[in-house]
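Biologist: Please take a close look at a single part of this model and its surroundings. I would like one connected account.

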Amino acid sequence: MSKINYKIEFFDFWHTGSGLSSGTNADLVVIKDDNGFPFIPGRTLKGILREQAELLHELDSEKYTGEFIDKVFGARVKTETDKNGNEIDGYSTNESRAFFSDAYLSNYIKKNINSDGLYRTIASTRIDKNGVAKKHSLREIEVTVPMGIVWAY
């Protein structure tokens, strides 16, 4: 089995969601490790890379074959149908040859920064065609500040 270490750089705020809220502070919060540092789940990295491979396949299906994508990332198979037998959202992925571990901040960064300063809350609201904010549309999301290096190991 081969192992690849990779580096990820963020040049803008980023959010890898936990699916949780923090009550009154934010509707969505960043997923964090036990020490309060952000990380990127391996399944998220795999999904991002698969999506990019599928875009390359759309551009040049001879060079970037669907067979290769299915071999590396697993074949996506529709799993759900409605009462009339029509396919609806719902996928299962067959066995893949690639495994992606979670990506964590380097130990150097963890030792030299305080995790409290890594996060901001960004608010947004829906504006109607007249430029007026729609009632009850205010949403807040916790994001991680732009940062240099995230290593996977």
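Leaving aside its neighbours within four places in sequence, which residues is Thr 144 in contact with?

Modeller: This is a predicted model, in which local features need pLDDT of at least 70 and side-chain atom pairs count only at pLDDT 80 or more, while totals for chains, interfaces and linings use all residues. Residues are numbered from 1 along each chain as its sequence is written, and side-chain values use heavy atoms, with hydrogens and water left out.

With neighbours within four places in sequence set aside, Thr 144 is in contact (heavy atoms within 4.5 Å) with Asp 12, Phe 13, Trp 14, Val 30, Pro 38, Leu 118 and Tyr 119. Thr 144 belongs to strand β7, residues 139–144; strands (E, at least two residues) and helices (H or I, at least four) are DSSP runs, numbered from the N terminus. Thr 144 counts as buried because its relative accessible area is 0%, where buried means under 20%, exposed over 50% and partly exposed in between, with a 1.4 Å probe and protein chains only.

Trp 14 is buried, as is Phe 10. The rings of Phe 10 and Trp 14 form a stacked pair, 4.1 Å centre to centre with 5 degrees between the planes. Rings of Phe, Tyr and Trp (its six-membered ring) pair if their centres lie within 6.5 Å; planes under 30 degrees apart are stacked, over 60 edge-to-face and the rest tilted. This rule gives 3 aromatic pairs. Another stacked pair is Phe 39 with Tyr 104, at 5.2 Å between centres and 20 degrees between planes. Phe 39 lies in strand β2 (residues 39–40) and Tyr 104 in strand β5, so this pair ties together parts 65 residues apart in sequence. Phe 39 is buried at 11% relative accessibility, whereas Tyr 104 is partly exposed at 24%.

Ile 40, residues up to four places away not counted, touches Ile 8, Phe 10, Trp 14, Thr 16, Leu 45, Asp 102 and Ala 103.

Leu 118 is among the residues that touch the most other members of the largest nonpolar core, together with Ile 8, Ile 40, Leu 45 and Leu 105; that core has 19 residues. Such a core is a set of buried Ala, Val, Leu, Ile, Met, Phe, Trp, Tyr and Cys residues joined through side-chain atoms within 4.5 Å. Helices α1 and α2 and strand β5 (103–105) each supply at least two of its residues.
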